[in-house]
Amino acid sequence: MSIAAACRAVLLAGDPMTKVRLARATARGWRRGALAHAFDTAMPDEPARPPRPELLPPNQMPKRGRGGSERGRLALLHALAHIEFSAIDLAFDAAGRFGDRFPRRFVDDWIGVGADEAMHFAVLDRRLRALGSHYGALPAHAGLWEAAAETAHDPAARMAVVPMVLEARGLDVTPETVARFRAAGDEPSARILHRIFTDEIRHVGIGTKWFGQLCAEAGIVPAPHWQMLVRRHFRGVVKPPFNDSARAAAGLTRDFYTPLVPLTDIGSQDPR
């Protein structure tokens, strides 16, 4: 089997545990050399989805609070599980869709990211079950695949928007979330989220690295080009607070994102 066919199989697995199993099996097969470095299979326009959770437009999602109550923490863990579930597809789509345009190391990186995301989802779902819930028990955001669809034609745009905007936002908000879970006495959840946070620094760094390589090959200055792509392809707003130290550890320095901050938000930037 080719790596592209294996990636497509992950994307078309709707059952969550099947997706996790295929993601892990693909990563193992790729590391062992059991999958051909060939791109003979197109990626689907959309991944398969399970019957639950119900997917809602962002403006119809119920408010989940800040995680102060037990109910709020469950809602937050469920939302994070959905993000990680979607991130499995985003990583394998990147490998299968764009792998023929890069050195083999690109596939190494994104298959590894996909395996991480599968692990993240599995441990979050296991934690939800330990707390009496499960993935699918609550509605979830319907817009997470929009970034993949919007950037399906351009690997630079994909790197710019998915790891360098969407995943980078996780670097900004996760430390505070970890602190709230610890303050509530939920140390097991806090440890899971801290592990995800450290992995996501590496994931953002992978996106930043490949974006930089594309810019270097084209003779383009990375930061202004990134800003142009984000304005063109990202429907949200890049706004503080920023975890500047975590972003810098991933190679995403302030000269990339501060020019996109709305003037009304300049005074609220996080001092880290």
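Let's start with W110, which is buried, with a relative accessible area of 3%; buried means under 20% relative accessible area, with a 1.4 Å probe and protein chains only. F106 also counts as buried, at 0% relative accessibility. This is a predicted model, where local features need pLDDT of at least 70, side-chain atom pairs count only at pLDDT 80 or more, and totals for chains, interfaces and linings use all residues. Residues are numbered from 1 along each chain as its sequence is written, and side-chain values use heavy atoms, leaving out hydrogens and water.

Now, how do F106 and W110 sit together? They are four residues apart in helix α4 (residues 104-130), so about one helical turn separates them; helices here are DSSP runs of H or I, at least four residues, and strands are runs of E, at least two, numbered from the N terminus. Ring pairs link F102, F106, W110 and W210 into a cluster. Rings of Phe, Tyr and Trp (its six-membered ring) pair if their centres lie within 6.5 Å, and planes under 30 degrees apart count as stacked, over 60 as edge-to-face and the rest as tilted. By this rule the count comes to nine aromatic pairs. For F106 and W110, the centres are 6.4 Å apart and the planes at 55°, so the pair is tilted.

F121 lies in helix α4 and Y135 in the loop between α4 and β2 (140-141), so the pair ties together parts 14 residues apart in sequence.

How values were computed
Buried < 20%, exposed > 50% of the residue type's maximum accessible area, 1.4 Å probe, protein only.
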